[in-house]
Amino acid sequence: MRIRSKITLIFTLTTCTLLLVTFVFIYYFAKVYSEKEFYEHLSKRAKIEADFLLKAEELDSLTFNQIQKEHLLHLTNEHAYVVPKSDQNTLPEPVKSFALTIEDNEGSTQKIDSIAYFGIIYPYHQNDYVVIISAIDEHGINLINSLKSILIIAFITCSIVIFIVGIYQAKQVLIPISGIVKRANEIKASNLHLRLDTGENNDELAELSSTFNNMLDRLETSFEIQSNFVSNASHELKNPLTAILGEVEVALRKQRTVDEYIASLNTIEKESNRLEILVKCLLELAQADHDNKGLIIESIRVDELMLIVKSDIDKIKPENQISFDFSELPETAECLIIQGSQSLLRMVLNNIVENACKFSMNKVVKIKMMANESWVEIEVNDKGIGIPPQELKNIFEHFYRASNARAFNGFGIGLPLAQKVIKIHGGSLIINSKEGVGTNVRIRLPNYRQAVSIDR
């Protein structure tokens with residue numbers, strides 16, 4: 001069932017139910033009031049009948065005629081019974097059964113087969129008389145039946161009107177949604193810049209449009225990153241391949257000396273190594289992006305891991321000037337334990353520390369570790385070339401390299417990879433940098449007490 005039909009049906013059923021309940025109450029209370037009024041009329045008639053029949057000899061003809069004219073108007077199927085209480089068994093059924101239920105002079109009422117009965121005990125000359133008046137409230141019944149017919153016709157008419165109004169209102173409510181659907185269908189991969197109109201109203205539909213626009217922003221960004229990734233990856237892969245093919249082509253053009261072949265092979269080896277590193281980085285980046293299954297999660301002491309990283313850097317850059325600041329380490333080693341993949345974290349920390357050494361031209365690089373009951377923080381400070389302020393926002397894009405870093409070897413993959421791995425571990429990576437002064441990298445990871453679920 002379409003939403004428009006559901007809204008119409010729910011609106012119609014709800015409104016008609018409330019209307020029906022209202023009409024039933026009106027009918028019920030009108031009927032109760034009519035019956036109560038008729039019984040009050042019968043009570044007056046009963047007293048008058050008693051006075052008329054028992055006190056007729058005491059009344060003059062003028063008074064009696066006046067009472068009869070004013071009060072004893074004829075009722076439909078009217079009957080009056082005035083008998084001594086001792087003779088009530090002489091009354092016909094069902095008047096007799098009703099008479100037995102009368103106990104005092106306040107009056108009793110009963111309705112049998114549309115005939116209303118009213119009876120009282122009337123004391124007169126030290127005797128108790130049973131006075132019963134019975135009649136059919138023809139006027140009241142006709143009035144209630146007319147009211148019932150009017151209410152039924154009104155209910156049917158109102159239900160039809162409510163249904164028509166419901167269809168119109170549902171259509172009006174869903175017009176913005178139809179606009180959203182139409183606009184959304186126009187948005188394709190080729191025009192992801194288009195956005196939904198949120199309008200001026202601050203309602204749920206505006207919130208839906210805004211949420212959809214935010215999703216489109218993320219999709220557009222992802223498409224751009226993907227497009228840039230493919231373009232940059234193709235370009236980076238093409239450079240070493242072009243160098244290798246060019247060197248082979250030059251070497252094969254004519255006979256060359258052994259030294260010349262060796263020089264060509266050295267060039268090919270250099271570019272092949274560069275290509276191998278690039279492919280390895282791309283594979284690691286793809287793995288961090290899409291497939292974290294199979295990670296070996298273990299307990300890791302961060303201070304020990306950083307010493308391993310220092311050992312790795314010593315092998316690559318023996319001339320490095322890495323120094324550790326242990327002044328803010330906690331008293332208990334437990335605070336330094338985290339849960340994660342040692343191989344991935346080691347790769348990321350190697351890359352960050354190596355970059356600090358590389359872009360500072362082997363100046364002093366300070367590594368500081370801090371911890372509390374919930375977090376472990378690693379801070380890497382260098383005095384290198386820094387990053388231009390306007391380019392800081394782009395450093396986590398794949399293959400992006402700052403304008404002042406072109407003279408250094410690299411592919412622009414390390415930081416995006418580091419950000420993804422740290423995010424997998426439930427941590428954060430914050431980089432502050434000042435061009436010509438240096439860079440501060442802060443890595444924050446939850447310790448084992450937080451029991452963070454590693455995405456796998």
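## Terms and model

Buried means under 20% relative accessible area, exposed means over 50%, and partly exposed lies in between (1.4 Å probe, protein chains only). This is a predicted model: local features need pLDDT of at least 70, side-chain atom pairs count only at pLDDT 80 or more, and totals for chains, interfaces and linings use all residues. Residues are numbered from 1 along each chain as its sequence is written, and side-chain values use heavy atoms, with hydrogens and water left out.

## The chain overall

The protein chain has nine helices and 11 strands. Helices (H or I, at least four residues) and strands (E, at least two) are DSSP runs, numbered from the N terminus. Of the 456 residues in the protein chain, 36% are buried.

Contact means heavy atoms within 4.5 Å. Take the contacts in the protein chain between residues at least 6 apart in sequence: 66% of them join residues at least 24 apart.

## Helix α7 and its surroundings

Helix α7 covers residues 302-316, 15 residues in total. From first C-alpha to last, α7 reaches 21 Å, close to the 21 Å expected at 1.5 Å a residue. That expected span is 1.5 Å times one less than the number of residues.

The buried residues of α7 are Val302, Asp303, Leu305, Met306, Val309, Lys310, Asp312 and Ile313. They pack against β5 (298-301), β6 (321-325), β7 (337-340), α8 (342-359), β8 (364-371) and β9 (375-382).

## Strand β7

β7 pairs with β5 in the antiparallel sense, over four bridges. Two strands pair if DSSP finds at least two bridges between them. Arg301 has Ile337 of β7 as its bridge partner.

In a regular strand the side chains alternate between the two faces of the sheet. Along β7, Ile338 and Gly340 point to one face and are buried.

## Gln88 in a loop

Gln88 sits in the loop between β1 (76-84) and α3 (95-99). Gln88 is buried, at a relative accessible area of 13%. Leaving aside neighbours within four places in sequence, Gln88 is in contact with Val83, Lys96, Ala99, Leu100 and Val130.

## Ile167 in helix α4

Ile167 lies in helix α4 (residues 138-186). Ile167 is partly exposed, with a relative accessible area of 38%.
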